[in-house]
Amino acid sequence: MIISIAIFLIALVFIITERLDKAIVTVSGALLLVILGILEPEQAFHSIDFETIILLMGMMMIMDISRKSQIFNWLSTKLAELTKGNPFLIFLIFLLVTAFFSAFLDNVTTIIIVVPITIALTKGMSIDPKPYIIGEIMLSNIGGALTLVGDPPNILIGSAAKLSFNEFIVNLWMPILASIVAVIGILTIISWGKIKPIKKDFKKLLLSHILLKKIKFEFYGKPLKRSFIIKTLLILGLTVLGFILQKQLGLSVGIIALAGAMILLMATTKNVTLHETITKIEWPTLLFFMGLFIMATALEETGFLELVSSVITSATDDFTYMLLIILWSAGIISMFLDNIPFVAVMIPVITDMQINMPPEKAVLLWWALALGACLGGNGTIIGASANVVGTSLAEKENIHISFLGYMKTAFPLTLITLVFSSIYIIYRSNV
Amino acid sequence: MRERLSQLILEMESQLGTRDMVEMILDALLDTIEDFNTKDDKKFCNQFDDAVKDIKNTRPRIGLLIEDFHDIWNEIQKEEHCKKHEKNACAKCEDLKKAIKRKVKELKKKNREDMKLINKNTEKEIKKGDTILLHTHSHTVIDTLKAARRKKRFSCIVAEQQYEKTMALIRELHKSKIPFKVVPEHMLSHIEKEVDKVFIGAVTLNSFHSVVSTPGTMAVVSEFKGKAPIYLLMGTRKCSFWKAKEHHHSRKEQELKTHCDRPIKYNRIKFSHDRVPLEMFDSVITEKGKMTASQMLDFYKKEHRKRSKWRKAFF
């Protein structure tokens, strides 16, 4: 047990300090566990949740092909046109679109799509881009918490707890919607000076209209492959429909995602090749997950996680209190550490905890974990990958968002979203 | 705002050429007056004046843009003057907006008509079988070639310059089915004998009597002076009828770069435009016809004198 814990903790330190690539850390950790005989090779292999890996791979392929089709650029340009250069509309529309995209695409892809055009629009109009970027980062994490495919912790939880795509939406829409409204509302109030409409400022209005014309020219000036875009949209839509009808189809979400990717590849052979698409799969991320699954299994096999589970269950008799412990510990930890290793470790803990519970109660443990892990990631710049990517994109354009600068705005808002989630969990546990 | 506007204008001029950029800004002005929310007439005039001040002082200054905005501003002054004269009141916002829309429509029509005349005048100079060297991203030059292609067979050599500009030129020539080949601008000495004519576009002609043009133009013009006729294609409205200063028509940008495989840092300095003395050109084709460089210079001096009141009021 001690060796497994030591290997896990050392790996965690390397992951936090980023001295080595995350994938190298977890795969090396996993190899060490096998070499030291803590896990048999077959045990290690069987502990990899290939459902999750296939889901991630399928979505990555779909995203890569979608990006090549320029559908996202087309959409961003259309949205920019819709706003007519109104800073408040840019703020509102782009934040809502970020939340929506994040629910169905991965958060990092969503940020890569929306942040550059937001910067182009706001910088072009001499408006401070920071409220927009921070808002988009937060909404990407909040939106991603809504669905099974929106955020990696949810993918892990959905796979382990056999929760469907629809169950995530049905059970989480309330706290997520409340969080979206609260975050947008509060950000609007605190940033009003920077996002208020400019209809009474002729110079700014002229600048924004010139900029919109330029953006339209830059995008519409390039030849658009209409059939490529249409096929991409259609198959993306069908894939999401597949997720919604998952139970009726009797297929796992991973199979649906991979099927979507294959159909898209077949339909767009003139525009993309399998070889190109495969090279764009984030293999380090998949390897990271594989290594993590093996390391989490080692902790489970040695009885450590059973110990953790009994500590939590003995900490309190009150089920509601237990849910809040899970929610807030997931939330706080996710603010400062990568939430994926935490969720990977908590999954066997919760699996153990729910053994003697009625299903309608047990499922709340998963929702508490999902909400805490996904929403907590908003608290600091390092809390989620989307945060790091968003602020890096900003830095490239000389927009510096410091750790404290981000936290000053995001941390209180994150606490508010966790409070909403707590209210929801308390309500559900008492119904 | 001025700095941001300058940057935007520079990028757009590089992508679109002067004429199309100005047309785009005029369209943006129409959208702006639609969306501008005020019923306070004085506020409208003051804010419009403020915006025009920024347009006049961008770096680089764009002659055609300033000329057009001066005409619009003049129209507003007339509208204001009429109303004051009539009832000692300010012109209403709606009237001012209508005046701007009317003037913008007029200006766009004038620019299009001027372009047709330049096409017609240039077409006369192109002979069947000519090989025309292009070092430009001017849409004036591209449009004249497209128009001429309908009636005559000729080919082009594209002097390869900044990547995006070269690609844009290639795209247009290909679309118009004009045969062409591309030669890097520093290797033109090898194809001198093939060139029958050189076509150059311009951003403006300034008070130093220099033609402001895409970077690299000076080298190309110097190379071909005396070897092939060098034509400058530009509308007369592009001229800058004010006293130019060094920084008015070119921006200098400096960036610190690192050698590709050695730890050597160096400064790389770029300039947004070249300035070529007018007398380097053999002919200038405008909407008024073909002129020699000295005829163009006389025209410029005459118009410059005529606009002294314009300058006092506007600048």
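Start where the chains meet: select 16 residues of chain A and 22 of chain B, which make up the contact (C-beta atoms, placed from the backbone, within 7 Å). On the chain A side, go to helix α12, residues 202–220, which gives the most, with eleven residues. Helices here are DSSP runs of H or I, at least four residues, and strands are runs of E, at least two, numbered from the N terminus.

A quick word on the model: it is predicted, so local features need pLDDT of at least 70 and side-chain atom pairs 80 or more, while totals for chains, interfaces and linings use all residues. Residues are numbered from 1 along each chain as its sequence is written, and chains are lettered from A in the order in which they are written.

Click B:Cys156 and you'll find B:Phe180 of β3(B) opposite.

Last stop: β8, residues 252–258 of chain B. None of its seven residues is buried (20 or more other C-beta atoms within 10 Å of its own, C-beta atoms being placed from the backbone), so the strand lies largely in the open. Seven bridges tie β8(B) to the antiparallel β9 (265–271) of chain B, and six residues sit between the two strands of this hairpin. Select B:Glu255 to see B:Arg268 in β9(B) standing opposite.

Key
Buried ≥ 20, exposed ≤ 12 C-beta atoms within 10 Å, placed from the backbone. Pairing = 2+ DSSP bridges. Contact = placed C-beta atoms within 7 Å.
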